[in-house]
Amino acid sequence: MRRMQLGFTLLEVVLAMTAAGICLGVAIPAYQGAVAAVHAGTAKTALGATLLSAMTHSTMTGAEVVVCASPDGGDCSGSIDWSSGWIAFADLDGNRSRGANETLLRREPALHAGVHLRSTAGRKRIVLQPQGGAAAGSNVTFTLCDRRGPAKATTLVLANSGRLRQDKASAASAQACLAPG
């Protein structure tokens, strides 16, 4: 009578570990890409919600509203890098700086690590006017990028009329978005 042996052979263990390694090698990058896409989508939604809230407040109250980068949530930073957060406030005195009596409409915190949002070089603040559009000047283009690389970068263009549209980022703006600081 033969004795029954339980267990696995070394070859079976090596094959199982190899298969698991291949599965993980495919799954981990796919998971990281999906997480980066979700974080970029969250940033896009937050920016759209801020602009909508600012436009609504401006048209309903007749006050100009300023939207700008603000890492501390207090006043505008004067930067084109919005990755550290932004604010929207009613600009009652028209000086484009948030005063103590000016209502903070929205404050967005810093974006998740690896997600960057940059505005057009000349448009560090957006002033939304009561008639529903942005103050005179050129359109403002936000470039949104993340860890997935320049091919996945997108732009959000706010026209002076208040219309917001999404487009594919140019290679140059995608690279500038990914550059540190």
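1. Arg96 counts as partly exposed, at 25% relative accessibility; buried stands for under 20% relative accessible area, exposed for over 50% and partly exposed for values in between, with a 1.4 Å probe and protein chains only. The model is predicted: local features need pLDDT of at least 70 and side-chain atom pairs count only at pLDDT 80 or more, while totals for chains, interfaces and linings use all residues. Residues are numbered from 1 along each chain as its sequence is written, and side-chain values use heavy atoms, with hydrogens and water left out.

2. Where is Arg96 found? Arg96 belongs to the loop between S2 and strand S3 (104-108); helices (H or I, at least four residues) and strands (E, at least two) are DSSP runs, numbered from the N terminus. The phi of Arg96 is near 70°, which is positive in a residue other than glycine. Most residues other than glycine have a negative phi.

3. Four bridges link S2 and S3 in the antiparallel sense, and Ala88 stands opposite Arg106 in S3.

4. A further open sheet of four strands runs in the order S4-S6-S7-S8, again with antiparallel pairing. Strand S4 (116-118) and strand S8 (164-168) are the edges, and each pairs on one side only. The twist from one strand to the next averages 20°.

5. How many bridges join S6 to S7? Five bridges connect these antiparallel strands. Across from Val157 in S7 stands Thr141, Val140 stands opposite Leu158, and Thr143 stands opposite Thr155. On the S4 side, three bridges pair S4 with S6 in the antiparallel sense, and Cys145 in S6 is the bridge partner of His116.

6. Both S6 and S7 are mostly covered: five of the six residues of S6 are buried, and for S7 the count is five of five. Thr154, Leu156 and Leu158 point one way from S7, whereas Thr155 and Val157 point the other way.

7. S7 and S8 run antiparallel and are joined by five bridges; Thr155 stands opposite Asp167 in S8. The hairpin of these two strands has five residues between them, and there Gly162 takes a positive phi near 100°. Ala169 is buried, with a relative accessible area of 9%. The C-alpha atoms of Ala169 and Leu11 are separated by 50 Å, the two residues being 158 apart along the chain.

8. Which residues have the most contacts inside the largest nonpolar core? They are Val67, Trp82, Trp86, Leu117, Ile126, Leu128 and Phe142, in a core of 24 residues. Helix H1 (10-61), strand S1 (65-69), strand S2 (86-90), strand S5 (125-128), strand S6 (140-145) and strand S7 (154-158) each supply at least two of its residues. H1 gives the most, with seven residues. Another core of seven residues lies apart from it, including Cys68, Cys76, Ile87 and Phe89. A nonpolar core is a set of buried Ala, Val, Leu, Ile, Met, Phe, Trp, Tyr and Cys residues joined through side-chain atoms within 4.5 Å.

9. The largest pocket holds about 150 Å³ of space. A pocket is an open set of points on a 1 Å grid over the protein atoms alone, where a 1.4 Å probe fits, with protein on both sides within 12 Å along at least five of seven lines; lining residues have an atom within 4 Å of a point. Grid points are joined across faces, edges and corners, and the volume is the space filled by probe spheres set on the points.

10. The lining of this pocket consists of Gln32, Gly33, Val35, Ala36, His39, Ala113, Gly114, Val115, Arg147 and Arg148. Four of these residues are nonpolar, four polar and two charged; Ala, Val, Leu, Ile, Met, Phe, Trp, Tyr, Cys and Pro count as nonpolar, Asp, Glu, Lys and Arg as charged, and the others, Gly among them, as polar. His39 is placed in helix H1 and counts as partly exposed at 23% relative accessibility. His39 and Gly114 are 75 residues apart along the chain, and their C-alpha atoms are separated by 8.9 Å.

Technical notes: Two strands pair if DSSP finds at least two bridges between them. Axes are lines fitted to C-alpha atoms, for helices over the stretch in contact, and angles run from 0 to 180 degrees between N-to-C directions.
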